[in-house]
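Please open the structure in your viewer and keep the selection tool at hand. The tour below moves from one selection to the next and says what is found at each stop.

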Amino acid sequence: STHSLWNSKKPFMIKLSNLSLRQGATTLLDQASATIFPNHKVGLVGANGCGKSSLFSALRGELSPDSGEIEYPTAWVTSHMAQQITDLAQTAIDFVLDGDQALREAERQVDMAQQGSGGSESAQAHTIAAAHEALATAGGYDAHARAARLLSGLGFEATQFNQPIATFSGGWRIRLSLAKALMAPADLLLLDEPTNHLDLETVAWLESWLKHYPGTLIVISHDRDFLDSVVDSIIHFDQRGLTTYTGTYSQFEQQRMVRLNQQQASFVKQQKSIAHMQRFIDRFRAKASKAKAAQSRLKALDRLERIAPAHIDSPFSFQFYEPPKCANPLVHLNQVALGYENTVVLSQLSASITPGDRIGLLGLNGAGKSTLIKAMADTLSPLSGQLQRARGLTIGYFAQHQLEQLDSQASAVQHLAAQDERLGIVSSDQALRDFLGGFGFGGDQADASVNQFSGGEKARLVLALLVRQKPNLLLLDEPSNHLDLEMRHALTVALQSFEGAVMVVSHDRHLLNNSVDQFWLIHDGTLSMFDGDLDDYRALIKKRVKDIEPSQGGTPSKKNERHIRANLREQLKPLQNKLKKLSQKVETLTAEVKALDEALADPTRYQDPHSGEETALMMKKRLGQKNLLEATEVEWLEVAEQIEALEESANNL
């Protein structure tokens with residue numbers, strides 16, 4: 001177990017009481033209260049700048065509240081992701097091992113004991129033996145293996161483990177900070193945007209790891225699918241207060257919708273939003289020529305219609321302009337090779353983008369997704385082959401480097417006015433401000449210089465400039481990295497109604513699921529059409545097929561196939577029986593843990609001064625049942641994977 005050092009002797013909860021936090025002249029929280037129970041996994045959500053990271057700083061003791069209290073279990077060990085790494089000469093694996101401070105202290109004690117002098121020989125031997133026993137208790141003898149598993153899970157190759165941190169890019173250093181945070185046997189894990197800079201494959205690994213993490217998790221994330229997979233409650237920053245919702249992010253949206261619908265003004269606005277989306281549904285149904293694509297789009301729109309009411313008070317609302325007419329295909333690749341200088345990244349690329357295509361690019365980090373996007377956007381020339389663009393093509397290209405290319409001294413209004421002038425668009429100052437208002441730049445913020453902007457604000461400005469270009473082909477490379485959930489929702493809605501072509505690279509599965517209807521896969525230096533959805537892709541990357549070798553090589557005979565299938569059935573039957581028993585055990589344990597949670601969450605329990613001993617026993621029992629549940633779930637997954645591999649082997653015969 002990654003957390004074999006888990007300490008079950010800990011106080012009960014984190015309690016925020018009448019908490020007020022300020023940042024400069026801005027009040028982030030005003031008399032806010034919330035309770036976080038042990039072993040719960042909580043998602044912090046709210047608009048950029050609302051105070052989520054400041055609350056993390058307060059929980060770590062780095063920021064003092066202006067008023068109110070944070071009741072914090074002092075015995076807890078806390079771990080969090082560092083945003084900066086200072087020692088660039090340190091190797092990757094040593095940096096990760098530093099995350100386990102108890103381990104490092106035990107190692108120091110061993111070194112001191114072995115270098116000790118004075119005292120009898122037997123006393124020295126006793127000191128050395130005690131130090132080694134402490135090192136074993138701290139998990140010292142499997143620590144490197146634990147660190148290596150974390151690095152591998154986060155996408156590092158074994159050859160990179162002993163490389164200096166200085167050799168890694170910024171995105172990979174963030175992964176190292178995440179690995180270091182996960183290495184600690186912590187009671188409380190604080191993660192701030194952990195999925196940024198991760199690809200879909202690594203996000204899936206992280207979700208699995210966090211599901212089995214036995215401590216209390218508080219995570220800030222703008223990835224709704226990640227939150228749905230990992231958390232069991234949501235704390236929402238709303239109007240300088242904190243509101244707690246039980247369940248996943250999707251369940252939070254539904255619960256919030258109910259609350260907002262109780263307000264008549266909100267209800268009216270909601271109906272306008274739904275009617276607006278229904279017009280797009282009707283228009284698409286009338287125009288759709290491909291049945292599969294039509295159904296995919298309609299399902300996505302239907303889902304968006306259901307969740308839209310939870311976002312009716314969003315400050316963001318914009319639409320793409322109707323794209324200008326253009327020849328077909330928009331872009332055509334014929335035996336294209338792409339790369340940098342003499343290094344070929346992709347080769348033998350032959351494909352076309354046609355008007356109305358909605359394409360998601362899949363593939364590991366470094367596979368070449370951004371390289372293809374750059375070539376499409378005409379910022380990278382092919383090494384060979386033909387890449388043709390249609391006359392009248394207008395490309396809207398979004399990439400992370402564009403955030404740094406903004407004029408730091410200019411305001412949002414000045415950026416937009418300068419681009420309009422280049423495009424030959426005549427606009428009044430008020431028209432520019434009205435347009436920027438849909439992207440959250442209202443009042444004084446529209447006149448503030450970019451050097452005062454956060455990463456999310458810069459990303460919104462780049463998107464506003466892109467929309468203003470009236471493109472007929474959108475090329476979006478990780479457009480949601482710095483965007484909060486409200487802006488991601490607004491972007492998804494806008495993409496739904498965009499009638500031009502779209503190509504998207506993103507680790508945000510919700511954005512992909514709701515804005516594209518076909519996928520291209522980049523793998524092993526080439527491009528292929530992926531016949532499936534994101535669930536199919538996730539199954540593909542998890543699949544571990546056991547190859548069956550025929551006794552004489554070549555293709556097995558029909559007789560051998562029957563024999564192999566019979567053997568597979570014999571192996572499957574006991575595994576399937578075991579899986580059934582494990583499923584029943586999981587259901588039983590889940591119900592027991594839920595019942596204990598409900599009992600422990602009853603506030604009247606803590607009003608009785610004589611209930612302390614009983615409560616402690618219940619907490620101890622809950623921890624035991626929770627650990628047993630997690631071990632059973634791990635065993636269930638292992639058996640399920642064995643069954644999947646055997647069934648896959650049979651299908652491949």
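At what angle do the axes of helix H14 (residues 412–423) and helix H15 (residues 429–437) cross? Select both helices in this predicted model, and look along their axes, which come within 10 Å and cross at roughly 115 degrees. Angles from 65 to 115 degrees count as roughly perpendicular, and H14 is therefore described as roughly perpendicular to H15. The crossing in which H14 passes H15 is right-handed.

Now show the side chains where these two helices touch: on the H14 side they are Ala412, Val413, Leu416, Ala417 and Asp420, and they meet Asp429, Leu432, Arg433, Phe435 and Leu436 in H15. Sorted by class, this contact of H14 with H15 holds seven nonpolar and three charged residues, with no polar ones.

Next, select helix H6 (residues 170–183) together with helix H7 (residues 200–211), a pair that packs at an angle of about 15 degrees, with axes 13 Å apart. Angles under 35 degrees count as roughly parallel, and so H6 and H7 are roughly parallel to each other. Their crossing is left-handed. If you display the residues in contact, you will find Arg175, Leu178 and Leu182 of H6 meeting Thr202, Trp205, Leu206, Trp209 and Leu210 of H7. The contact of H6 with H7 is made up of six nonpolar residues, one polar and one charged.

To see what surrounds the largest cavity, select Asp199, Leu200, Glu201, Leu361, Gly363, Asn365, Lys369, Glu478, Val505, Ser506 and His507, which line it. This lining comprises three nonpolar, four polar and four charged residues.

Finally, turn to the second largest cavity, which contains about 50 Å³ of space. Its lining can be selected as His222, Arg224, Leu485, Arg488, His489, Thr492, Asp508, His510 and Leu511. Colour helix H17 (485–497) and helix H18 (509–515) separately, as each supplies at least two residues of the lining of the second largest cavity. Which helix gives the largest share of that lining? The largest share, four residues, comes from H17. By class, the lining of the second largest cavity consists of two nonpolar, four polar and three charged residues.

How values were computed
Residues numbered from 1 in each chain as written. Predicted model: local features only at pLDDT ≥ 70, side-chain atom pairs only at ≥ 80, totals over all residues. Heavy atoms only, no water. Axes fitted to C-alpha atoms, helices over the stretch in contact; angles between N-to-C directions. Parallel < 35°, antiparallel > 145°, perpendicular 65-115°, else oblique. Left-handed = near helix turned anticlockwise from the far one by under 90°. Contact = heavy atoms within 4.5 Å. Nonpolar A, V, L, I, M, F, W, Y, C, P; charged D, E, K, R; others polar. 1 Å grid on protein atoms, 1.4 Å probe; cavity = no way out; pocket = protein on both sides within 12 Å on 5 of 7 lines; lining within 4 Å. Points joined across faces, edges and corners; volume = space filled by probe spheres on them.
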